[in-house]
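Hello,

Here is the structure I promised to hand over. Please open it alongside this note; my findings follow below.

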Amino acid sequence: PVSPNSGLEPDAAASAQASSATAPGDMRSAAEAQQGHLLLSGRFNSDTNIAYMKSVKEQLEARHVPVFMVEATVGQSFADLTRIGLCRAKGMETFCTS
């Protein structure tokens, strides 16, 4: 397991995922490439939590595990991207924080 203090720096450039869609109407086609992924789910309520989740995502990707973590951009619906991620997931890793 990876700890939040592992010293891993999250990559500034997110991998290709639904967040790469340029408009809300593009969400479905962007997520289609992510069929059969591991959905990473957590609260993006602090920089520490975000950095930890991104570091886990990067480590899974380095092991060729297809992962999906919602990173909505301006104009995109976080809820819609989450629904797409859930519908296409084979499994989910949740990050529970207090």
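**What I found**

Helix α2 is followed by H64, whose phi is positive, near 65 degrees. Helices here are DSSP runs of H or I with at least four residues, strands are runs of E with at least two, and both are numbered from the N terminus.

Two notes on the source. This is a predicted model, where local features need pLDDT of at least 70 and side-chain atom pairs count only at pLDDT 80 or more, while totals for chains, interfaces and linings use all residues. Residues are numbered from 1 along each chain as its sequence is written, and side-chain values use heavy atoms, with hydrogens and water left out.

**The helix**

α2 covers residues 47–62, 16 residues in total. From first C-alpha to last it reaches 22 Å, close to the 22 Å expected at 1.5 Å a residue (1.5 Å times one less than the number of residues). N49, M53, S55, V56, K57 and L60 are buried in α2 (under 20% relative accessible area; exposed is over 50%, partly exposed in between; 1.4 Å probe, protein chains only). Those buried residues pack against β1 (37–42), β2 (67–68) and β3 (89–95) (contact means heavy atoms within 4.5 Å).

**The strands**

β1 and β3 run parallel, joined by 6 bridges (strands pair if DSSP finds at least two bridges between them). S41 has T94 in β3 as its bridge partner. β1 and β2 also run parallel, with 2 bridges. There, L38 stands opposite V67 in β2.

The largest pocket has a volume of about 230 Å³. Of its 13 lining residues, S41, G42, F44, F78 and T82 are the closest to its centre. A pocket is an open set of points on a 1 Å grid over the protein atoms alone, where a 1.4 Å probe fits, with protein on both sides within 12 Å along at least five of seven lines; lining residues have an atom within 4 Å of a point. Volume is the space filled by probe spheres set on the points, which are joined across faces, edges and corners.

β1, α3 (78–87) and β3 each supply at least two lining residues. The largest share, 4 residues, comes from β1. By class, the lining has 9 nonpolar, 3 polar and 1 charged residues (nonpolar: Ala, Val, Leu, Ile, Met, Phe, Trp, Tyr, Cys and Pro; charged: Asp, Glu, Lys and Arg; polar: the others, Gly among them).

V70 sits in the loop between β2 and α3. V70 is buried, at 7% relative accessible area.

Best wishes
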